[in-house]
Amino acid sequence: MKINFTKKQYETLFKMVQYGYWVASDTDKEFSEMEQYINSFAKDFGMEGVQFIKDYEMYDLSRELEDQLHTVINGYEDGVFRDKLAYHLARKEFALESENHEYNQEEAFKRIMELEEKYHLHIEEHGLGKLKIEE
């Protein structure tokens, strides 16, 4: 089977593969092989920033291209971190509240959503600067 791509389609595929590789490269050798295969066509599509390193028999990205990709990756990771932080803080607060108050399933769901929203707004407004860990 053969698939034809325009330059723009290849660039989009290239980025998607890089983002996927960043997430899953440690768990599956097939991801690494696919990433290398897609990278091998970069020159054919006039894409700069991908070079073959003979000593390692692999394609590598230039620092500039890597930085461009990591701008998106870092934004994604920051969003995931903030979402998970709000989620866990809300669950912790809800667990403490639940010791003194019984919730039915619908009330519990609603309360947890309220608490998550509270933490999302706090993090959005203040960043992480006002978070405090007490022992």
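In this predicted model, Arg 111 has a relative accessibility of 23% and therefore counts as partly exposed, the limit for a buried residue being under 20%. Arg 111 takes part in a salt bridge with Glu 97, in which the closest N and O atoms are 2.6 Å apart. Glu 114 is partly exposed, with a relative accessibility of 39%.

Between Ala 95 and Ser 32 the separation is 63 residues in sequence and 42 Å in space, taken from C-alpha to C-alpha.

The count of salt bridges comes to seven. Among them is the pair Arg 63 and Glu 66, whose side chains meet at 3.2 Å, N to O. Arg 63 and Glu 66 are three residues apart in helix H3, which means that about one helical turn separates them. An α-helix has 3.6 residues a turn, so residues three or four places apart point the same way. The two partners fall into separate accessibility classes: Arg 63 counts as exposed at 61% relative accessibility, whereas Glu 66 is partly exposed, with a relative accessible area of 25%. Val 72 also lies in helix H3, which spans residues 63–98. At 44% relative accessibility, Val 72 is partly exposed. Val 72 and Val 23 are 49 residues apart in sequence, and their C-alpha atoms are 13 Å apart in space.

The buried residues were then examined. In soluble globular proteins, nonpolar side chains tend to be buried together. The largest nonpolar core in the model consists of ten residues, namely Tyr 10, Phe 14, Val 17, Ile 38, Ala 42, Met 47, Val 50, Leu 61, Leu 65 and Leu 69. Helices H1 and H3 each contribute at least two residues to this core, and the largest share, three residues, comes from H1. Another core, of nine residues, lies apart from this one and includes Ala 86, Ala 90, Ala 108 and Tyr 119. Within the largest core, Met 47 is in contact with Tyr 10, Glu 11, Phe 14 and Ala 42, leaving aside neighbours within four places in sequence.

Helix H2 (residues 29–39) has four buried residues: Glu 35, Gln 36, Ile 38 and Asn 39. Seen down the axis of H2, these buried residues fall within an arc of 165 degrees, and so they line one face of the helix. The buried residues of H2 pack against helix H1 (7–24), strand S1 (50–53) and strand S2 (58–61). On the other side of H2, Lys 29 and Glu 30 are exposed. Of the buried residues of H2, Ile 38 is also listed in the largest nonpolar core.

Nonpolar residues also occur at the surface. Met 1, Ile 3 and Phe 5 form a nonpolar surface patch, and their accessible area together is about 410 Å². Met 1 belongs to the segment before H1. With a relative accessibility of 97%, Met 1 counts as exposed, the cut-off for that class being over 50%.

Key:
Residues numbered from 1 in each chain as written. Predicted model: local features only at pLDDT ≥ 70, side-chain atom pairs only at ≥ 80, totals over all residues. Heavy atoms only, no water. Buried < 20%, exposed > 50% of the residue type's maximum accessible area, 1.4 Å probe, protein only. Arc of directions from axis to C-beta. Contact = heavy atoms within 4.5 Å. Core = buried A, V, L, I, M, F, W, Y, C linked by side-chain atoms within 4.5 Å. Patch = residues over 30% accessible without salt bridge, like charges linked within 9 Å, V, L, I, M, F, W, Y side chains within 5 Å. Areas by Shrake-Rupley, 256 points an atom, 1.4 Å probe, with all protein chains shown as cover. Salt bridge = Lys/Arg side-chain N within 4 Å of Asp/Glu carboxyl O.
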